[in-house]
Amino acid sequence: MDRRHRPRGDGTLPLLTRGYAWLPDLRRRHPGPVVRVRLAGRPAVALHGPEAVRFFYDERHVRRAGALPEPVRSTLFGHGAVHSLDGRVHQLRKAMFLSLLADPGQVRALVDEVGRAWDTAVGRWAGQPRVVLLDEAARVLTEGVCRWAGLPLPPDGAAAFAADLTAMVDGFATPGPRHWRGRLARRRRESWIAGTVEAVRAGRAGLPAGCPVERVALHRDADGEPLPPRVAAVEVLNLVRPTVAVCWFVAFAAHAMHLRPEARAALAGGEPARAWAFAQEVRRFYPFAPFVGGRAAADLTHRGEPIAEGTLVLLDLYGQNHDPALWGDPYAFRPGRFLERPDDVAQSVPQGGGDPATGHRCPGEAVVVGLLEDLSVRLARLEYTLPAQDLTVRLGRMVARPRSGFVIEAVRAG
């Protein structure tokens, strides 16, 4: 192999310590169309930029089957999830998600349910000495998405379910206690939801007819067979868990309003265009997914660089969202950039890129944006005080968050 095309040293430990900064730092030190490295001893290439997005999301180039590491499947996505499929089976499973998560009527219904849960929670917060916004937003989102999906709350209640759902997200990219909490949380909730799926199929669940949980339970895959109950439970969680993960963006939205009071004042008026631009800038500016990965489907060439079949291919999401060549002032939080140039949203990739209908881009992106628009306006209108706390957002922690979770006191509805 040409020495230029050999992967550099193993990047697993630097990834775990540098977090979101790992790939952008590598790119600065080794400029070029691809960066070659090893992860867990296996050769990998990292790409970034709009052209790389198109390359990555072409299934002739990159496939997901077999690409997701076991620790990610056992915490974040689940075994047998749509994220790990390709071809016809992926298209059919993805179509089910699109019918639920990309339909404007479904998005509006979900946003309205979460809004009602938020209004109820505000009354509860007013009686509490302090509120950790990230945790409380997770509970609000859990209550709202469960009502929308037709999923009864588990016997241990919304707060415990919310804690498990956030543990699945918080533990996927780290070793140690957070990871094992995520594994145990997934195992616990998959078992419970698999029982609900079996009750739906037996006609004894008593759920609203046609609700999302029923549609997943009765979905038939490419082979014409219903999903195994445990896989159906995985996909129910893949409706619920990403919705609850919006709690990170709610905490980031509060963080941004604290640093930019003028953004809060602009949002309080409820102008839809400003809410949309703010939501997009929160998703671009703050760290969430560091990158996505797949396997080279054949021997490939990207911008003159060879990529051998089976190589792990990484698309640098955080790096692209902070690329000076694309954003000019990428480390400035400026929602107005999306009002000035709304088409720039196409190169913002917080949840991946490509066409949601045909590729692996998140089908729930419209849900995330809709929820964040609505909750950011509600948050801007909420009256509270901010006690002394550590609001640091550390790039070495995946998933990143304001260190305190954003604590508020003396809450009053605006």
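Tutor: Let's start where two helices touch: Ala275, Trp276, Phe278, Ala279, Gln280, Val282 and Arg283 in H14 meet Glu365, Val368, Val369, Leu372, Glu373, Ser376 and Val377 in H18. Keep in mind that this is a predicted model.

Student: Okay! How do the residues of that contact divide into nonpolar, polar and charged?

Tutor: Where H14 contacts H18, 9 are nonpolar, 2 are polar and 3 are charged.

Student: And at what angle do H14 and H18 pack?

Tutor: About 115 degrees, and the axes of helix H14 (residues 272-285) and helix H18 (residues 365-381) are 9 Å apart. That angle makes H14 roughly perpendicular to H18.

Student: Is the crossing left-handed or right-handed?

Tutor: Right-handed, as H14 passes H18.

Student: Switching topic: what order do the strands of the open sheet come in?

Tutor: The order is E4-E10-E9, with 3 strands and antiparallel pairing.

Student: Which strands stand at the edges?

Tutor: Strand E4 (130-132) and strand E9 (383-385) do. Each has a single partner strand, so one side of each has no neighbour in the sheet.

Student: How much does the sheet twist from one strand to the next?

Tutor: The average is 50 degrees.

Student: How many bridges join E9 to E10?

Tutor: There are 2 bridges between E9 and strand E10 (residues 407-412), and these strands run antiparallel. As for residues, Thr385 is opposite Glu409 in E10.

Student: Last one: which helix lies across E4 and E10?

Tutor: That's helix H7 (residues 133-149), which runs at about 70 degrees to E4.

Definitions and conventions
Residues numbered from 1 in each chain as written. Predicted model: local features only at pLDDT ≥ 70, side-chain atom pairs only at ≥ 80, totals over all residues. Heavy atoms only, no water. Axes fitted to C-alpha atoms, helices over the stretch in contact; angles between N-to-C directions. Helix = DSSP H or I, 4+ residues; strand = E, 2+ residues; numbered from the N terminus. Parallel < 35°, antiparallel > 145°, perpendicular 65-115°, else oblique. Left-handed = near helix turned anticlockwise from the far one by under 90°. Contact = heavy atoms within 4.5 Å. Nonpolar A, V, L, I, M, F, W, Y, C, P; charged D, E, K, R; others polar. Pairing = 2+ DSSP bridges.
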